[in-house]
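Subject: Structure handover

Dear colleague,

Please find the structure below. My notes on what turned up in it follow directly after.

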Amino acid sequence: MSNMNIGIDFDDTIADDPELFKNFSSTLSPNDKIYIISSCDRQTEPFIDDERKTKEEKLNAWGIRHDGLFFALDPIPQGKAKLCIKHKISLMIDDNEDNLEEIRKSSPSTLCLRYTPKSSR
Ligand SMILES: [Mg+2]
């Protein structure tokens, strides 16, 4: 199988079960890329920088290897779909159905997988 670019949402996805995603990331080939495709409540530079720092620290503390951390611009579903196209994401994992619906529409080559947070199971 050729290398894959995997996109994973942060809030309510990786952050909901870091152990699961750490195990998942360790099953991938080192040539597969893991991109964290997140969003930010406020989209001004200093806020995004802070958000990046916080999320990087958490990912490193959880031991989840990643090859990039990207923030979708508003509107978020479209912003995430654009990032999936730009980074040639083969598989995107997100808890938000609106995001996945937009990704299916705009980036048909991306396989979408919905993650259900523990609290919603
Ligand atoms: Mg989410």
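Apart from residues up to four places away in sequence, His 87 touches Asn 5 and Tyr 35; contact here means that two C-beta atoms, placed from the backbone, lie within 7 Å. This is a predicted model, in which local features need pLDDT of at least 70 and side-chain atom pairs count only at pLDDT 80 or more, while totals for chains, interfaces and linings use all residues. Numbering starts from 1 along each chain as its sequence is written.

His 87 and Tyr 35 are 52 residues apart along the chain, and 8.4 Å separates their C-alpha atoms. His 87 sits in the loop between helix 3 and strand 4. Helices (H or I, at least four residues) and strands (E, at least two) are DSSP runs, numbered from the N terminus. His 87 counts as partly exposed because it has 19 C-beta neighbours inside 10 Å. The classes are buried for 20 or more other C-beta atoms within 10 Å of the residue's own, exposed for 12 or fewer, and partly exposed in between, with C-beta atoms placed from the backbone.

Lys 88 lies in that loop between helix 3 and strand 4 as well. Lys 88 follows helix 3 and has a positive phi, near 45°. With 14 C-beta neighbours inside 10 Å, Lys 88 is therefore partly exposed.

Two further backbone points concern other loops. Asp 12, in the loop between strand 1 and helix 1, has a positive phi of about 65° although it is not a glycine. Asp 12 is partly exposed because its C-beta neighbours inside 10 Å number 17. The peptide bond from Asp 74 to Pro 75 is cis, with omega near -15°, and Pro 75 is in the loop between strand 3 and helix 3.

On the strands: what joins strand 1 to strand 2, and how do they run? Four bridges join them, and they run parallel; strands count as paired if DSSP finds at least two bridges between them. Asn 5 stands opposite Lys 33 in strand 2. From strand 1 the chain crosses through helix 1 (residues 18–27) to strand 2, a β-α-β crossover that is right-handed, meaning that, with the strands pointing away from the viewer, the path from the first strand over the helix to the second runs clockwise. Strand 1 is also joined to strand 4, by three bridges, and these two run parallel. Ile 8 has Ile 93 as its bridge partner in strand 4.

The largest nonpolar core has 22 residues, and those with the most contacts inside it are Ile 8, Ile 14, Tyr 35, Ile 36, Ile 37, Cys 84 and Met 92. Such a core is a set of buried Ala, Val, Leu, Ile, Met, Phe, Trp, Tyr and Cys residues joined through C-beta atoms within 7 Å. At least two residues of this core come from each of strand 1 (5–8), strand 2 (33–39), strand 3 (68–72), helix 3 (76–86), strand 4 (91–94) and helix 4 (97–106). Strand 2 gives the largest share, four residues. Beyond its neighbours within four places in sequence, Met 92 is in contact with Gly 7, Ile 37, Cys 84, Ile 103, Thr 110 and Cys 112.

Helix 3 has Pro 77, Gly 79, Lys 80, Ala 81, Leu 83 and Cys 84 as its buried residues. They pack against strand 1, strand 2, strand 3, strand 4 and helix 4.

Regards
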